[in-house]
Amino acid sequence: MPNGGFADTYSPRKVLGDPSFRVLAPGETPAPDANIAAFYNPNHEIHLVQKPRPTPGPGQVLVHVRATGICGSDVHFWKHGRVGDSMVVTDECGSGHESAGEIVEVGEGVTQWKVGDRVAIEAGVPCSKSSCDYCRVGRYNACPDVVFFSTPPFHGTLTRWHLHPAEWLHRLPDSLSFEEGSLCEPLVVALAGIERAGLRLGDPTLIWLVLGRIGLVSLLSARAAGAEPIVITDLFQSRLDFAKKLVPGVHTVLIERGSTPKDAAQKIKAAAQGAVKVAIECTGVESSVHTAVHAMQFGGKVFIIGVGKNEQVFPFMHLSANEIDVSFQYRYANQYPKAIRLVAGGLINLKPLVTHRFRLEEAVSAFHVAADPSQGAIKVQIQD
């Protein structure tokens, strides 16, 4: 657990040790103003809890969270209890990090916000100290003392009342809904990838989707950035059909289970009418990375946003002989203002991504829908 910056302020022990904290019984109806939240635990249970309503201190604001999207990582923490070796569910842990809401209280010294302001919540809060090299140079996603809400042990933003540092909120224009504000979080992941991949106007681009919401927002971002042609792949035709409705000009390739990466790459090159220059790989699956590599032109780049198994084998000599770069991404930094501008300006439309909506009191049901591919959910939203 980080031991600097905001780690003590947002220590989960302050919530779990509070006498008012309790797990709600199945079917129990909480009070309308109760601070309820969706929590998972090491037993792979998902349930509602009631926790204390916090009071903002100096430099903090209290946000009434109005919309939160369920991320694949939320489901993964619930079902599997960990992501890698450093992010492990060891106790009751609050979910959610794709949120937007309305400020209801401001703490001492907060001058940039007032009650009633509408904000998107940036879930990763670094230490912001001048002694931190990463924070000082603006790569704060690498801060070793970052508090990332919903990444164990820190509790998430899928709650009614959330306490947040004033400087890590972003103003929503009146034209954006709370729902769109919450969808800016997966969008900033894609924008960080597009930026680091160096995608340029007219670049032939491959995007690996495979049930991924990040793949879809990467598709929207690549189109806004001027990529052409764009080829998107998936194992499910329904997902490709959805992507085609989202961006009618995209070329879709259905990947058949059991096909080799080289065979799949040939289909991709046929759809693109040649090798692609940039691949945005959103799955982290080894065979998908191999396919992307074999679809590349000389000097191309495979950019991996997806999270996969700890150790993988790559076609080393093919990468070397073709000067193909492979790069990776860890969360994001400095992307929220850009995301809000793009959505407010009409360059990216996030609204079609939301397929299911639930009330906060129905959060457990929402998680079950998000975790079940047969439900056809793209993005599940919880609103309050």
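User: Which residue forms a salt bridge with Glu 195?

Analyst: This is a predicted model: local features need pLDDT of at least 70, side-chain atom pairs count only at pLDDT 80 or more, and totals for chains, interfaces and linings use all residues. Numbering starts from 1 along each chain as its sequence is written, and side-chain values use heavy atoms, leaving out hydrogens and water. A salt bridge puts a side-chain nitrogen of Lys or Arg within 4 Å of a carboxyl oxygen of Asp or Glu. Here the closest N and O atoms are 2.7 Å apart, and the partner of Glu 195 is Lys 338.

User: How many residues apart are Glu 195 and Lys 338?

Analyst: Helices (H or I, at least four residues) and strands (E, at least two) are DSSP runs, numbered from the N terminus. Glu 195 sits in helix H4 (residues 178-197) and Lys 338 in helix H10 (residues 336-344). The pair links distant parts of the chain, and the separation in residues is 143.

User: What distance separates the closest N and O atoms of Glu 105 and Arg 53?

Analyst: Glu 105 belongs to strand E8 (residues 98-106), whereas Arg 53 is in the loop between strands E3 (46-50) and E4 (60-69), so their pairing ties together parts 52 residues apart in sequence. Buried means under 20% relative accessible area, exposed over 50%, and partly exposed in between (1.4 Å probe, protein chains only). Glu 105 is partly exposed at 26%, and Arg 53 is partly exposed at 41%. The closest N and O atoms of this salt bridge lie at 3.0 Å.

User: How many salt bridges does the structure hold?

Analyst: One network of them links Arg 160, Arg 359, Glu 361, Glu 362 and Asp 384. The count for the structure is 19.

User: Which side chain of opposite charge is nearest to Arg 118?

Analyst: Lys and Arg count as positive, Asp and Glu as negative; His and the chain ends are not counted. Arg 118, in strand E9 (residues 118-121), is buried yet has no salt bridge. Its side chain does reach the backbone oxygen of Pro 173 at 3.1 Å. The nearest side chain of opposite charge is 4.4 Å away, on Asp 174.

User: What kind of aromatic pair do Phe 148 and Tyr 332 form?

Analyst: Rings of Phe, Tyr and Trp (its six-membered ring) pair if their centres lie within 6.5 Å; planes under 30 degrees apart count as stacked, over 60 as edge-to-face and the rest as tilted. Phe 148 and Tyr 332 are both buried. Their centres are 6.4 Å apart with 70° between the planes, which makes the pair edge-to-face.

User: What angle do the ring planes of Tyr 40 and Phe 77 make?

Analyst: Tyr 40 is buried at 0%, and Phe 77 is buried at 2%. Their ring centres are 6.2 Å apart. The pair is tilted because its planes meet at 35°.

Definitions and conventions:
Polar contact = N/O pair within 3.5 Å; in protein donor to acceptor, adjacent residues only side chain to side chain.
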